[in-house]
Amino acid sequence: MPEREREMTDWQELEHKYLMNTAKRLPVTLVRGEGARVWDDRGKEYLDFVGGWAVNVLGHAHPEIVAAVSEQVRTLIHTSNQFYTVPQLQLAELLVQNSCFDKVFFCNSGAEANEGAVKLARRYGSLYLNGAYEVITAMNSFHGRTLAMVAATGQPKFQQTYTPLPEGFVNVEYNNVEAIERATGSETCAVMLEVVQGEGGVNVPDDGYLKEVRSWCDEQGILLILDEIQTGMGRTGTLFAYQQCGIEPDIMTLAKGLAGGVPIGAFLSKDKVCVFAPGDHGSTFGGNPLACAAGYATLKFILEHDIAENCRQIGDYLKAGLEGLKPKFEKIVEVRGRGLLVAVEFSGEIAEGVVQDCLEEGLLLNAVKPNALRFMPPLIIGESEVDEAMGILERVLARV
Ligand SMILES: Cc1ncc(COP(=O)(O)O)c(C=O)c1O
């Protein structure tokens with residue numbers, strides 16, 4: 001098709017024609033991004049407070065990621081795990097050096113990372129816990145869309161039409177250690193939790209919850225898996241959110257921001273838990289040089305520029321800005337979150353409408369619940385971007 005004709009194409013019509021109808025898309029076709037801004041196919045500019053769903057931690061087209069990926073594309077895109085490749089080892093070393101873990105397995109998405117973590121816990125159970133296989137997870141959690149992760153995800157709306165679900169998951173109330181204690185049995189091999197529930201509505205547990213869960217797991221000899229797919233890579237103000245909780249998990253999963261937008265996933269474990277033997281697990285694309293070069297550049301930049309600290313400061317500034325809107329709008333009932341994973345809850349179900357109106361005004365937001373907005377911008381934003389977003393939100397809230 002000639003270039004000119006392609007420019008005139010109604011991409012949204014093509015979507016209806018060719019793509020499975022699974023995504024609830026906003027009526028915008030994005031074609032370009034830079035920093036915390038994106039542009040649509042008509043040239044309209046938006047301030048991006050969705051950040052590719054908490055993925056674009058360094059914003060769009062970050063020069064370090066662009067350089068690393070461009071160089072790697074020219075050099076070696078893919079081999080297979082039959083061979084050693086350098087970016088995979090560089091990224092693994094940097095992750096281990098900056099966390100409490102000893103070993104890394106790379107894959108391609110969050111769901112795949114969680115699947116691998118559960119397989120590792122089950123193998124540990126089969127070797128050391130008399131065949132225990134069950135994993136306790138929380139209600140309102142989100143762990144991904146594969147069948148096993150739908151079973152792990154404690155939200156009936158994701159489970160209902162896909163039964164029978166794989167066995168071996170029990171969903172209990174979040175932020176309630178007794179619920180975990182009651183659900184623990186001889187078949188339990190692990191507890192798997194988010195440090196802050198992202199998709200569930202940005203639910204921050206009480207201080208001490210994870211410490212109590214850690215103690216319970218230690219008493220019972222079972223494993224603690226933390227899903228840091230949304231909270232990791234600086235998002236909550238430290239490189240990993242567990243670092244603010246005074247505990248260390250046995251296994252942690254990552255994805256989303258790990259390679260700044262290039263698809264990747266990983267799970268990390270302590271040596272004593274790493275019971276895989278050659279052939280026990282695998283992934284064709286997992287640890288691919290391209291994704292790992294992007295991951296290495298992203299993590300290096302986050303560490304060298306203390307992006308997590310910027311995220312903590314700007315996150316506090318954002319929360320203060322939102323708290324400042326509270327006296328002006330009775331409909332705001334709560335502001336919550338950590339770092340740049342923040343939600344505002346309203347007294348009514350107005351979030352979708354606010355997102356639509358903000359979109360028209362050039363601000364991208366997410367309605368994490370019918371009555372709550374979520375903010376998950378790139379971690380490199382500054383106060384001026386927050387001020388701009390607050391200005392738009394204030395104008396929109398005055399109308400709805
Ligand atoms: C905490 C958490 N775990 C797992 C996932 C699934 O990740 P993916 O969509 O990459 O499979 C998500 C995605 O939103 C998530 O937020």
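# Close-up views of a predicted model

Figure 1. Glu45 is partly exposed, with a relative accessible area of 39%; here buried means under 20% relative accessible area, exposed over 50%, and partly exposed in between, computed with a 1.4 Å probe and with protein chains only. The structure is a predicted model, in which local features need a pLDDT of at least 70 and side-chain atom pairs count only at pLDDT 80 or more, while totals for chains, interfaces and linings use all residues. Residues are numbered from 1 along each chain as its sequence is written, and side-chain values use heavy atoms, with hydrogens and water left out. The side chain of Glu45 meets that of Arg37 in a salt bridge, with 3.2 Å from N to O. A salt bridge is a side-chain nitrogen of Lys or Arg within 4 Å of a carboxyl oxygen of Asp or Glu, and by this rule the model has 22 salt bridges.

**Figure 2. The salt bridge between Lys326 and Glu323.** The N to O distance in this pair is 3.5 Å. Lys326 is partly exposed at 29% relative accessibility, and Glu323 is likewise partly exposed, at 35%.

**Figure 3. The shell around the ligand.** Of the 13 residues around the ligand, those that come nearest are Gly110, Ala111, Asp227, Gln230 and Lys256; a residue counts as near if one of its heavy atoms lies within 4 Å of the molecule or strand in question. By class, this shell holds three nonpolar, six polar and four charged residues, where Ala, Val, Leu, Ile, Met, Phe, Trp, Tyr, Cys and Pro count as nonpolar, Asp, Glu, Lys and Arg as charged, and the others, Gly among them, as polar. Helix 6, which spans residues 110–128, gives the most to the shell, with three residues. Helices (H or I, at least four residues) and strands (E, at least two) are DSSP runs, numbered from the N terminus.

**Figure 4. Polar atoms around the ligand.** A backbone N or O atom of Ala111 lies 2.8 Å from an oxygen atom of the ligand, and a polar backbone atom of Phe142 is 3.2 Å from a nitrogen atom of the ligand. From Gln230, a polar side-chain atom lies 2.8 Å from an oxygen atom of the ligand. Taken alone, the ligand exposes 390 Å², and the protein buries 83% of that; accessible areas come from the Shrake-Rupley method with a 1.4 Å probe, and for residues only the protein chains shown count as cover.

**Figure 5. Thr236 in its loop.** Thr236 lies in the loop between strand 8 (223–227) and strand 9 (251–254), and is buried, with a relative accessible area of 3%. A polar contact of 3.1 Å joins its side chain to that of Gln244. A polar contact is a pair of N or O atoms within 3.5 Å; within protein, one must be able to donate a hydrogen and the other to accept it, and residues adjacent in sequence count only if both atoms are side-chain atoms. In the protein as a whole, buried residues make up 53% of the 400 residues.
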